[in-house]
Amino acid sequence: MMLRSLQIFGSLALLQAVASQQIWDIWQTTWDRNMLFTYFQPTPDPINFVTPGTIGSADIVIDDSSVYQTVYGFGASLTDSSAELFNNLKVQNSGSYWQLMDYLFNATDTANSAGFSYIRVPLGATDFSANTYSYDDINGDSSLNDFNINAAPSGVFSVLQDILSINHMTRFHIVPWSPPGWMKSGGTMSGGSLDTQYISTMANYLLKSVQAFSNKGIPIYAISIQNEPEYSDSTYPTCSMPVATEAQIGLALRTLLNDYGFSGVKIIGYDHNWVDAANYPVQLMQQAESAFDGVSFHCYQGSVSDQASFTSQYPNKEVYFTECSGALGSDWWSDIKWYMDNIFIGSISYGSSSGLMWNLALDGNGQPLLPGTDSCGGGCRGVVQINNDGTWSVNQEFYSMAQASKAILPRDIGGPWGQRIGVSVGGSLDWALVVGAYKTGRVSPNDWNRYSIVVLNWDDSASTTWNPQPVEATIEFRGMQATYTFPVGVTTLWWYAPN
Ligand SMILES: *[C@@H]1O[C@H](CO)[C@@H](O)[C@H](O)[C@H]1NC(C)=O
């Protein structure tokens with residue numbers, strides 16, 4: 001049959017040229033939780049792209065001639081606390097553990113799973129550890145003879161290995177919350193700053209960390225020099241680090257990584273709030289551009305548009321969004337709107353290649369937290385809640401990231417990741433939709449690309465009467481038009497078209 005139709009149409013290329021684009025696959029999360037990252041196919045028929053008619057109340061215009069950065073995905077940090085909860089679950093109920101791991105990380109195109117693919121891992125203790133430690137706590141050990149990655153709980157590495165066993169494409173980004181205390185002015189990991197005589201020692205410490213993860217079968221994609229270098233707190237591991245210090249460590253580390261066979265490992269600077277995007281990260285590039293592949297941002301101060309203060313000056317450097325935390329007690333749907341607008345559509349539209357939350361897992365009280373720390377005032381919420389009775393549930397952070405993740409995962413095993421493409425919204429309700437658009441290439445040049453959009457409909461009159469309104473929208477693509485009514489919520493859908 002296939003051969004006959006090929007003969008009739010003359011060639012496969014002609015067959016594809018006459019076939020129209022169609023939307024078959026939709027993932028949706030709605031404000032009323034009727035849909036929770038739910039997959040469905042439009043029935044009875046797919047949605048066809050047809051000759052354009054009148055535009056809808058919102059008109060989504062895709063411009064696939066503008067192709068921007070590759071997006072490597074979404075995820076969170078595997079803190080010691082998160083690892084402990086995952087391991088407790090594995091011991092208590094391994095079936096439930098593997099079900100959760102699959103739901104989080106399985107990146108197969110058709111899987112009912114978020115396919116998270118970017119994990120940040122602290123080097124040593126954070127405010128979410130059982131105690132304060134580094135990989136070398138022997139005073140004055142400048143040769144790092146006693147460097148020992150197994151100072152970390154073994155559960156960290158077993159969970160990372162389990163993640164890799166489900167999603168072999170996962171990118172791991174490592175970063176310390178503080179150098180060992182003996183390298184610092186105050187002698188403690190909790191606050192203070194690096195004694196500059198230890199700059200090359202710290203670069204060696206980071207090289208040894210990359211090597212040690214590698215030796216455990218966890219390949220490192222990227223490393224940052226210092227988490228939140230503009231913040232110091234005496235109740236948990238933190239370290240204020242001036243630009244000049246981070247720049248010098250970066251330059252020394254770049255040389256070491258290159259010399260020891262890790263030239264592919266990226267060095268990412270800053271790793272702090274949007275608010276200072278015009279200063280610290282810019283100065284870092286002025287002082288050490290050759291060492292840093294890019295910079296990363298957190299959400300706690302400033303706004304996502306601040307990312308442009310960096311990207312406008314260094315358009316060829318990479319940008320990652322690496323941390324934001326949910327707070328216990330906040331409103332589920334308000335959070336999803338904020339996350340999509342500012343991070344999982346927003347930060348990506350301002351050039352980020354990742355979108356990450358803070359703890360991958362915590363319990364329902366935001367525990368376990370480092371004893372005595374003042375961090376996370378009202379309680380932090382994990383992407384996943386793991387309870388001590390062996391049950392788990394996923395939070396609004398999960399749904400927000402899962403909706404974004406589906407749009408950019410490789411379509412083929414070994415295939416390319418999604419790239420952001422141009423998109424704008426017109427029509428009388430242009431304000432009602434926030435949209436990200438992506439193109440995912442294929443392994444075989446004969447296969448059609450996948451084009452996907454992630455759409456937030458936030459027309460809910462939340463500040464006045466509460467009146468959630470579906471928005472009838474048109475989608476314009478290469479002179480053709482599809483029509484879909486977006487409920488208040490987040491919708492991810494895709495279609496295929498020739499390159
Ligand atoms: C991922 O999901 C696919 C599709 O549901 C399934 O066939 C596969 O076994 C899953 N992979 C893993 C590692 O769980």
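The model is predicted, so local features need pLDDT of at least 70 and side-chain atom pairs count only at pLDDT 80 or more, while totals for chains, interfaces and linings use all residues. Residues are numbered from 1 along each chain as its sequence is written.

Q: How many helices and strands are in the chain?
A: Both kinds of element are DSSP runs numbered from the N terminus, with helices (H or I) of at least four residues and strands (E) of at least two. On that basis, the chain holds 12 helices and 25 strands.

Q: Why is the chain as compact as a globular protein of its length?
A: The radius of gyration is taken over C-alpha atoms, and the globule rule is 2.2 Å times the number of residues to the power 0.38. For 499 residues the rule gives 23 Å, and the chain is as compact as a globular protein of that length because its own radius of gyration is close to this, at 23 Å.

Q: What percentage of the residues of the chain count as buried?
A: A residue is buried if 20 or more other C-beta atoms, placed from the backbone, lie within 10 Å of its own; it is exposed if 12 or fewer do, and partly exposed in between. Of the 499 residues, the buried share is 50%.

Q: Which strands close into a barrel, and in what order?
A: Two strands pair if DSSP finds at least two bridges between them. The barrel has 8 strands with parallel pairing. The order is S5-S6-S7-S9-S11-S12-S13-S15.

Q: Which residue in S25 stands opposite isoleucine 23?
A: Strand S25 (residues 489–497) has 8 of its 9 residues buried. It runs antiparallel to S1 (residues 22–30), with 7 bridges, and antiparallel to S22 (residues 449–457), with 9 bridges. Tyrosine 451 also stands opposite the residue in question, which is tryptophan 495.

Q: Which residues are around the ligand?
A: A residue is near a molecule if its C-beta atom, placed from the backbone, lies within 6 Å of it. Ala, Val, Leu, Ile, Met, Phe, Trp, Tyr, Cys and Pro count as nonpolar, Asp, Glu, Lys and Arg as charged, and the others, Gly among them, as polar. By these classes the shell has 2 nonpolar, 3 polar and 1 charged residues. The residues are Asp102, Asn106, Thr108, Thr110, Ala111 and Ile166.
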